[in-house]
Amino acid sequence: MKVFFARAQMQHRPTQYGVHGRLVQPLENPNRAATLIESLESLGLTVGEPARDLEADRAAIERVHPAHYLRFLDTAFARFQELPHAGPEVLPNVHPYFAAARPYGASPLANGARPEPRTTGILGQTGWYVGDLSCAMTEGTAEAAFASAVSAIAAARAVLSGDGAAFALCRPPGHHAYADRASGFCFLNNAAIAAELLREQYGKVAIVDFDTHHGDGTQTIFYARDDVFFGSVHTDPSAYYPHFLGHADETGHGAGEGCNLNLPLAFGSGDGEYLAAVETLAERALGFGAEALVISAGWDAHHADPLSKLAVTGDAYPLVGEMLGRLGLPSVIVQEGGYSLAAVSEAAPAFTGAFMGARA
Ligand SMILES: [Zn+2]
């Protein structure tokens, strides 16, 4: 199995992350990528730089993200630096009142994207496009986010050209990125971009997300679609990130009704509940008629993760890998969260080894 990692992803090195009323060092940092590379190489896998095709890559990203949002990402750092007394990184200090209840599918892209904002200033636009204080942008952030998406694009292209499966080592991660909003350490939705590419060849694509956080960005992008199933096991969002989406009664909208499945777990849930949920997601993906699979792989349900509220152990990950590998579908694995380097180096190779073994 090929593993794709674009080195430029390392250029995203923010120094600030707002949590519980303080700005602290971000949990999402380049060390995660280094640990993941080492973990996957320990399985004998080779981590390769993806080939780039600027125009085609941009077009693949624009299938999910509107051009005005990409323009913001590309220019935000330089524009922000022109503010008087600007800090080291782009961070929002205003937010629009935007109705989360606005009907889905109203945008021309039908993926929840809002229109381009009327505000032309960098502060207003930062509030519009950046959802929380986990997405501080440095000079290299836009390039790193693009490189992360390029890694997912390369993995999807490998599968389209006949590889059974490919691994996209994406960092910054993607599943909290909305079509037009960065949040939760995420800028571009790598899993959604991969799924859209797979759709070129496969009529129905399923995305299975086992990160401990609900993939609110991915859900919203596909919420009104009947050709992409989104299924997620995650921590109950009632008092947990992403706070506003991820409940069991969110089942899709319009044509997409029934194509979204959320399986929130109560705080303290362990391997039994977690694995039963993954099994349900796998069954539902097959029942949906998926011809290809995107796996949003996060390792932060592990009890050792600093963000985890679950009691999932390292023993669960090979079983998750086996369940998803057994589906035998053309698959793109997309790296999402996981912030304990010890847990990552246990869970990622255990999952990946079992996934490959089950497909063999
Ligand atoms: Zn997560």
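Modeller: Let us begin with a term: an axis is a line fitted to C-alpha atoms, for helices over the stretch in contact, and angles run from 0 to 180 degrees between N-to-C directions. Please note that this is a predicted model.

Colleague: Are α8 and α9 roughly parallel or roughly antiparallel to each other?

Modeller: Helix α8 covers residues 271-288 and helix α9 covers residues 316-325; they pack with their axes 10 Å apart, at an angle of about 10°. Angles under 35 degrees count as roughly parallel. The relation of α8 and α9 is therefore roughly parallel.

Colleague: How many residues of the contact of α8 with α9 are charged?

Modeller: From α8 the contact draws D271, Y274, L275, V278, E279 and A282, and these meet A316, L319, V320, M323 and L324 in α9. The residues of this contact include nine nonpolar and no polar ones, and the number of charged residues is two.

Colleague: In which sense does α9 pass α10, right-handed or left-handed?

Modeller: Helix α10 spans residues 341-359, and its axis lies 7 Å from that of α9, with an angle of about 30° between the two. That makes α9 roughly parallel to α10. The crossing of α9 past α10 is right-handed.

Colleague: How many residues of the contact of α9 with α10 are nonpolar?

Modeller: Among the residues of α9 in this contact are Y317, P318 and V320, and among those of α10 are A347, A350 and F351. The contact of α9 with α10 has five polar and two charged residues, while its nonpolar residues number eleven.

Colleague: Which elements do the buried residues of α9 pack against?

Modeller: Seven of the ten residues of α9 are buried, so this helix is largely enclosed by the rest of the structure. The buried residues are A316, Y317, V320, G321, M323, L324 and G325. They pack against β6, α8, β9 and α10.

Colleague: Which strands stand at the edges of the sheet?

Modeller: The open sheet has eight strands with parallel pairing, in the order β4-β1-β5-β10-β9-β6-β7-β8. An edge strand has a single partner, so one side of it is left without a neighbour in the sheet; the two strands in this position are β4 (47-48) and β8 (260-265).

Colleague: Which residue of β8 is the bridge partner of H234?

Modeller: Strand β7 (residues 228-235) runs parallel to β8, and six bridges join the two. H234 has a bridge partner in β8, namely P264.

Colleague: What angle does the direction of α6 make with that of β9?

Modeller: Helix α6 (residues 190-198) packs on the sheet, where it touches β5, β6, β7, β9 and β10. The angle between the directions of α6 and β9 is about 175°.

Colleague: How many residues of β9 are buried?

Modeller: A292, V294 and S296 point one way from β9, whereas L293, I295 and A297 point the other way, and all are buried. Strand β9 is thus largely enclosed by the rest of the structure, because its buried residues are six of the six.

Colleague: Which residue of β10 stands opposite S296?

Modeller: Strand β9 pairs with β6 in the parallel sense over five bridges, and there I207 stands opposite V294. Five bridges also join β9 to β10, and these two run parallel. In β10, the residue opposite S296 is V334.

Colleague: Is V150 buried or exposed?

Modeller: V150 has its place in helix α5 (residues 141-160). Leaving aside neighbours within four places in sequence, V150 is in contact with A6, P50, R52 and D57. A residue is buried if 20 or more other C-beta atoms lie within 10 Å of its own. Because V150 has 30 such atoms within 10 Å, it is buried.

Colleague: Where does P172 lie?

Modeller: The peptide bond from R171 to P172 is cis, with omega near 10°. P172 lies in the loop between β5 and α6.

Colleague: Is H20 buried or exposed?

Modeller: H20 is found in the loop between β2 (17-19) and β3 (22-24). Its phi is positive, about 50°, although H20 is not a glycine. With 5 other C-beta atoms within 10 Å, H20 is exposed.

Conventions:
Residues are numbered from 1 along each chain as its sequence is written. This is a predicted model: local features need pLDDT of at least 70, side-chain atom pairs count only at pLDDT 80 or more; totals for chains, interfaces and linings use all residues. Helices (H or I, at least four residues) and strands (E, at least two) are DSSP runs, numbered from the N terminus. Angles under 35 degrees count as roughly parallel, over 145 as roughly antiparallel, 65 to 115 as roughly perpendicular and the rest as oblique. Two residues are in contact if their C-beta atoms, placed from the backbone, lie within 7 Å. Ala, Val, Leu, Ile, Met, Phe, Trp, Tyr, Cys and Pro count as nonpolar, Asp, Glu, Lys and Arg as charged, and the others, Gly among them, as polar. Two strands pair if DSSP finds at least two bridges between them. A crossing is left-handed if the near helix is turned anticlockwise from the far one by less than a right angle, and right-handed if clockwise. A residue is buried if 20 or more other C-beta atoms lie within 10 Å of its own, exposed if 12 or fewer, and partly exposed in between; C-beta atoms are placed from the backbone.
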